[in-house]
Amino acid sequence: MRGASALQPLLDALPDANVRTFVVWEPVIWSDIAPPTSSVLALLRDPRAAQYWDAKRSLSRDIVRSVNQDPRRYGFDEPLHEGFVVWDVVAVFEPGVVWGQDLPVPAFYDGPVMYRVDRISQAVATAGRLQEAAP
Amino acid sequence: MSARDSRLRPIFAVAGIVLVSGALWIGWLMTSPRRVPAGQPALARLDAESLPALRDAFNAHTDAVRLLVLLSPT
C-alpha cells in the first residue's frame, strides 16, 4: 500500500511524460481480504494509471510461469519456487516492448517499492530518453 | 457469582470488544466503495481469464514507458 503513495510523487515529477502505470493489487498478507478501498486507490491518483484487483494472484502466477520458462532471460540463476508470490515490486518496460505469451523482460525491476523510488525514477528517465530518441 | 467468574469477566469483555471490532472492520472492508481517482478506468478484476485484457492494455501503449506494479492493499 505504501508503495503506491511512494510512486505518486515520481509521476507528479513527470507531468508530460508518456508513461502508463498498471497497478495490480493482490492479497498477500492476512488483512488483504477485499479489494482496495477508495482511499487506497486514491494513493495513486495519476490519470495515466489503471488499477486492478487480482484476488487469485493470477498475474503473479503468470509472471512466475514466464520466468521459469527461461530464468536466465530474466536475470535469475534458477527457477522461482512453486508458490513464489511476486509483490511489492515495480517493473519498468521501455517503449516498443510487446507483451506476448510471456511477460517481456523489463528494463528494470525492483522492490520494495517505497525504498526504491530513486532507482525506479532513474529507470523511468532512462527509458524515457529512449522514447525521445526513437524516430 | 464465584471469584473465578469475576476474574474471567474482563477477559470475556476484551474478547467481545475484539470480536465486535473485527467484525465491524471486516464489514467496512467488504462494503466500502471502490472508486478510482478521476481520469482512471474503473477498478478491473483480474483473473486467469481476464489476464489477456491487461496484456492488451499494456500493448495498447507501446509508445509509452510502462510501469507494472504489484502491491497488496493493506
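Which residues of E2(A) lie on one side and which on the other, and are they buried or exposed? In this predicted model, A:Ala49, A:Gln51 and A:Trp53 lie on one side of the strand and A:Ala50 and A:Tyr52 on the other, and all are buried. With 5 of its 5 residues buried, E2(A) is largely enclosed by the rest of the structure. In a regular strand the side chains alternate between the two faces of the sheet.

E2(A) belongs to an open sheet of 6 strands, in the order E4(A)-E3(A)-E2(B)-E1(A)-E2(A)-E1(B), with mixed pairing. The edge strands, E4 of chain A and E1 of chain B, each pair on one side only. A:Tyr52 has B:Ala44 as its bridge partner in E1(B), and A:Trp53 has B:Arg45. E2(A) also pairs with E1(A), in the parallel sense and over 5 bridges; here A:Thr21 is bridged to A:Ala49 of E2(A).

The pairing continues from E1(A) to E2(B), again in the parallel sense, over 7 bridges. A:Val19 has B:Val65 as its bridge partner in E2(B). Between E2(B) and E3(A) the sense is antiparallel, with 5 bridges, and A:Val89 stands opposite B:Leu70. E3(A) is in turn joined to E4(A) by 3 bridges, the two strands running antiparallel. In this pair, the bridge partner of A:Val92 is A:Phe108 in E4(A).

Strand E2(B) is also largely enclosed by the rest of the structure, because 7 of its 7 residues are buried. B:Val65, B:Leu67, B:Val69 and B:Leu71 point one way from the strand, and B:Arg66, B:Leu68 and B:Leu70 point the other way. Strand E2 of chain B (residues 65-71) gives 6 residues to the largest nonpolar core, the most of any contributor. This core has 46 residues, of which A:Phe22, A:Val23, A:Val24, A:Val92 and B:Val69 touch the most other members. Leaving aside neighbours within four places in sequence, A:Val23 is in contact with A:Ala4, A:Leu44, A:Ala49, A:Gln51 and A:Tyr52 of chain A, and with B:Val69 and B:Leu71 of chain B.

The contact between the chains takes 60 residues from chain A and 39 residues from chain B. On the side of chain A that touches chain B, at least two residues each come from helix H1 (2-12), strand E1 (19-25), helix H2 (38-41), strand E2 (49-53), helix H3 (58-69), E3 and helix H4 (117-133). E1(A) gives the most to this side, with 7 residues. The residues on this side of chain A divide into 39 nonpolar, 12 polar and 9 charged.

Helix H1 of chain B (residues 3-31) has 29 residues. From its first C-alpha to its last, H1(B) reaches 43 Å, close to the 42 Å expected at 1.5 Å a residue. A kink of about 30 degrees lies at B:Arg9, shortly before the proline B:Pro10. In contrast to E2(B), where 7 of the 7 residues are buried, H1(B) is hardly covered, and the count of buried residues among its 29 residues is 0.

Several backbone features of chain A fall in loops. Most residues other than glycine have a negative phi, and most peptide bonds are trans. A:Arg57, in the loop between E2 and H3 of chain A, has a positive phi of about 55 degrees although it is not a glycine. A:Arg57 counts as buried, because it has 21 C-beta neighbours inside 10 Å. A:Asp88, in the loop between H3 and E3 of chain A, likewise is not a glycine and has a positive phi of about 50 degrees. With 20 C-beta neighbours inside 10 Å, A:Asp88 also counts as buried. A cis peptide bond, with omega of about -5 degrees, joins A:Gly111 and A:Pro112; A:Pro112 is found in the loop between E4 and H4 of chain A.

A:Pro95 is placed in the loop between strand E3 (89-93) and strand E4 (108-110) of chain A. This proline is partly exposed, with 18 other C-beta atoms within 10 Å. The C-alpha atoms of A:Pro95 and A:Val85 are separated by 27 Å, the two residues being 10 residues apart along the chain.

Definitions and conventions: Residues numbered from 1 in each chain as written. Chains lettered and ligands numbered in written order. Predicted model: local features only at pLDDT ≥ 70, side-chain atom pairs only at ≥ 80, totals over all residues. Core = buried A, V, L, I, M, F, W, Y, C linked by C-beta atoms within 7 Å. Buried ≥ 20, exposed ≤ 12 C-beta atoms within 10 Å, placed from the backbone. Helix = DSSP H or I, 4+ residues; strand = E, 2+ residues; numbered from the N terminus. Contact = placed C-beta atoms within 7 Å. Nonpolar A, V, L, I, M, F, W, Y, C, P; charged D, E, K, R; others polar. Pairing = 2+ DSSP bridges. Expected span 1.5 Å × (residues − 1). Bend = angle between axes of the 7 residues up to and from the residue.
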